[in-house]
Amino acid sequence: LLRSGSVAAFFATPLVLSAGGVEAVLLVAAAVGASGLVFALVVHLVVSALERRRRRDELQRVDVDVESYARLADDAEVSLTGRAAPDARPKASLVELVRSLPRSYWLYAAAGACVYGAIVPWLVLGAKLLQRKYGVSLALADRLMLMPEAAIVVFCPPLGIAVDRRRPHVRRKLRWAALGALAFPLSLGIVALGARLPAAVPTAALAVGWSVFNTMYWAALTDLLPSESLSLGAGLLGGALNLLPSFLPTVLAVAAPDRALLAIAACGLAGAALIGRCAAVVE
């Protein structure tokens with residue numbers, strides 16, 4: 001569902017650009033961003049109202065005196081002020097928490113860094129690379145670049161439902177994620193090495209592999225970390241995933257098409273290898 005916005009952006013941006021120029025694109029982007037803030041505020045207000053109603057109903061159903069109610073408020077996950085209840089246990093330092101993260105998590109984060117280091121440059125430069133490699137029009141290249149995000153919209157929901165129903169072991173999730181990451185070298189790599197394929201074939205193969213990786217990768221996160229380290233792990237992971245995308249598109253933009261494709265394919269291959277290793281060492 002979240003990726004439907006990306007699909008709409010890829011589809012609409014060329015139309016807005018041709019109709020109103022760069023200024024129109026910037027104005028539309030600003031308006032969409034502002035609408036996100038408005039919707040976030042609305043959701044916050046609705047959730048807060050529902051939470052207050054739930055707590056009021058609980059108090060009406062349970063006859064508690066002042067002392068027991070105080071204990072209830074202290075023991076609740078979230079107090080009436082919206083703040084987390086205090087934890088009497090001694091807090092571990094940040095260094096201790098980082099050191100406590102399992103080896104499988106670090107392999108998982110490194111794998112994600114490599115795969116996101118492949119998909120982001122592809123999303124940024126893919127249309128240009130398709131034009132230079134295949135000689136396709138800008139309009140066709142833009143339509144082909146809809147595939148990665150559109151595949152997530154189409155394939156990720158049923159894959160997620162299947163994971164919830166079957167509840168596979170984390171090793172199986174990671175192996176499926178590794179298989180999805182292999183779409184990068186198997187599609188773009190063979191094209192860079194001279195395989196004669198229509199532009200839509202490697203693009204579609206990469207899109208399907210990306211959707212499989214995306215679902216299985218994120219489904220494995222909570223299996224790899226204890227609950228008390230989940231927020232820290234998610235924060236570190238966010239930094240890792242954006243490391244290569246912060247500079248690779250700029251570097252590959254000036255490279256020859258075949259070299260850029262090989263670099264993207266190599267990132268995907270490294271990600272597949274790392275997540276395969278993660279599956280081998282996870283407990």
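Predicted model: local features only at pLDDT ≥ 70, side-chain atom pairs only at ≥ 80, totals over all residues.
Figure 1. Cys114 illustrates the point: the cysteine sulfur closest to its own belongs to Cys267, at 6.1 Å. A disulfide requires two cysteine sulfur atoms within 2.5 Å, so the sulfur atoms of Cys114 and Cys267 are too far apart for a bond.

Figure 2. Rolling a probe the size of a water molecule over the atoms shows where empty space is left. With a threshold of 30 Å³ or more, the count is one cavity. The largest cavity holds about 50 Å³ of space.

**Figure 3. Residues that line the largest cavity.** The lining is formed by Trp122, Leu129, Leu130, Lys133, Tyr134, Leu188, Val191, Pro202 and Leu261. Eight of these lining residues are nonpolar, one is charged and none is polar.

**Figure 4. Helices that contribute to the lining of the largest cavity.** Which helices each supply at least two residues of this lining? They are helix H4, spanning residues 103-134, and helix H8, spanning residues 183-192. Helix H4 makes the greatest contribution, giving five residues to the lining.

Methods: Residues numbered from 1 in each chain as written. Heavy atoms only, no water. 1 Å grid on protein atoms, 1.4 Å probe; cavity = no way out; pocket = protein on both sides within 12 Å on 5 of 7 lines; lining within 4 Å. Points joined across faces, edges and corners; volume = space filled by probe spheres on them. Helix = DSSP H or I, 4+ residues; strand = E, 2+ residues; numbered from the N terminus. Nonpolar A, V, L, I, M, F, W, Y, C, P; charged D, E, K, R; others polar.
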